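Here is a short walk through one protein chain. Keep the sequence and the 3D view side by side as you read.

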Amino acid sequence: KGRAPVRVRGATPPVQVVHVDDAAAALELSTAVDLDGAYNVAADGWLSYEEAHALLTGGRFPALPAALATRVLTMSWATGLGDAPPTLIPYLTYPFVVANDRLKHAGWKPQHSNDEALLLATGAPDFPLVPVLAGAGAVTVGAALGTWWLTRRRGRR
């Protein structure tokens with residue numbers, strides 16, 4: 001959907017995406033033409049962090065220190081609430097962008113720019129992870145306090 005699972009404080013990563021129609025066209029070309037080797041499928045160029053941020057609407061997660069972002073992803077991955085493993089942190093901090101010139105030379109041409117693809121992808125509602133984690137934290141604290149209270153109460157008997 002164009003959003004990272006967490007934001008790492010201090011990171012200003014470039015953003016490069018591909019529209020699903022362009023990806024399908026690349027797949028179609030690969031079945032029609034004998035392409036040898038690996039090909040990058042992406043829109044031309046990339047957006048700066050600031051350009052991508054200006055296009056994204058809705059609430060944004062606060063940027064977290066890398067160590068805390070790793071712990072958040074570790075917890076969400078382990079509980080099944082998140083779909084991004086903690087090993088994703090280096091990519092969220094220093095992502096790469098790819099050149100699509102080899103695929104274009106083979107006859108493919110992206111029909112959508114990065115900003116068009118990003119805007120179309122973010123039209124779907126987000127699943128907000130922060131409120132879920134806050135709720136899970138509240139339940140955990142409540143369970144811990146309840147256990148402590150019951151243990152203390154049993155000790156008085």
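**A walk along the chain**

Start at Arg-7, which lies in strand β1 (residues 7-8). Keep in mind that this is a predicted model. Now look for Pro-62. In sequence, 55 residues separate Pro-62 from Arg-7. In space, their C-alpha atoms are 6.8 Å apart.

Next, step back to the whole chain. How many helices and strands does the chain have? The count is 7 helices and 2 strands. Follow them from the N terminus and the order reads β-α-α-β-α-α-α-α-α.

Contacts tell another part of the story. Take the contacts in the chain between residues at least 6 apart in sequence. Of these, 84% join residues at least 24 apart.

Find Asp-44 and Lys-104, which form a salt bridge. Their closest N and O atoms are 3.0 Å apart. This pair ties together distant parts of the chain, 60 residues apart. Asp-44 sits in the loop between α1 (20-32) and α2, while Lys-104 belongs to helix α5 (residues 101-105). The salt-bridge count for the model is 1.

How exposed are the two partners? Asp-44 has a relative accessible area of 37%, so Asp-44 is partly exposed. Lys-104 has a relative accessible area of 34%, so Lys-104 is partly exposed too.

Which residues form a negative surface patch? They are Glu-50, Glu-51, Asp-115 and Glu-116. Two helices contribute here: α2 (49-55) and α6 (114-121) each supply at least two residues of the negative patch. Glu-50, for one, is placed in helix α2. Trace α2 and then α6 in the view to see where the patch draws its residues.

Finally, consider the chain's surface and interior. The chain has 157 residues, and 22% of them count as buried. Its accessible surface comes to about 10,400 Å². Which atoms make up 62% of that surface? That share belongs to carbon and sulfur atoms.

Definitions and conventions. Residues numbered from 1 in each chain as written. Predicted model: local features only at pLDDT ≥ 70, side-chain atom pairs only at ≥ 80, totals over all residues. Heavy atoms only, no water. Helix = DSSP H or I, 4+ residues; strand = E, 2+ residues; numbered from the N terminus. Buried < 20%, exposed > 50% of the residue type's maximum accessible area, 1.4 Å probe, protein only. Contact = heavy atoms within 4.5 Å. Areas by Shrake-Rupley, 256 points an atom, 1.4 Å probe, with all protein chains shown as cover. Patch = residues over 30% accessible without salt bridge, like charges linked within 9 Å, V, L, I, M, F, W, Y side chains within 5 Å. Salt bridge = Lys/Arg side-chain N within 4 Å of Asp/Glu carboxyl O. Lys, Arg positive; Asp, Glu negative; His and termini not counted. Charge placed at Lys NZ, Arg CZ, Asp CG, Glu CD.
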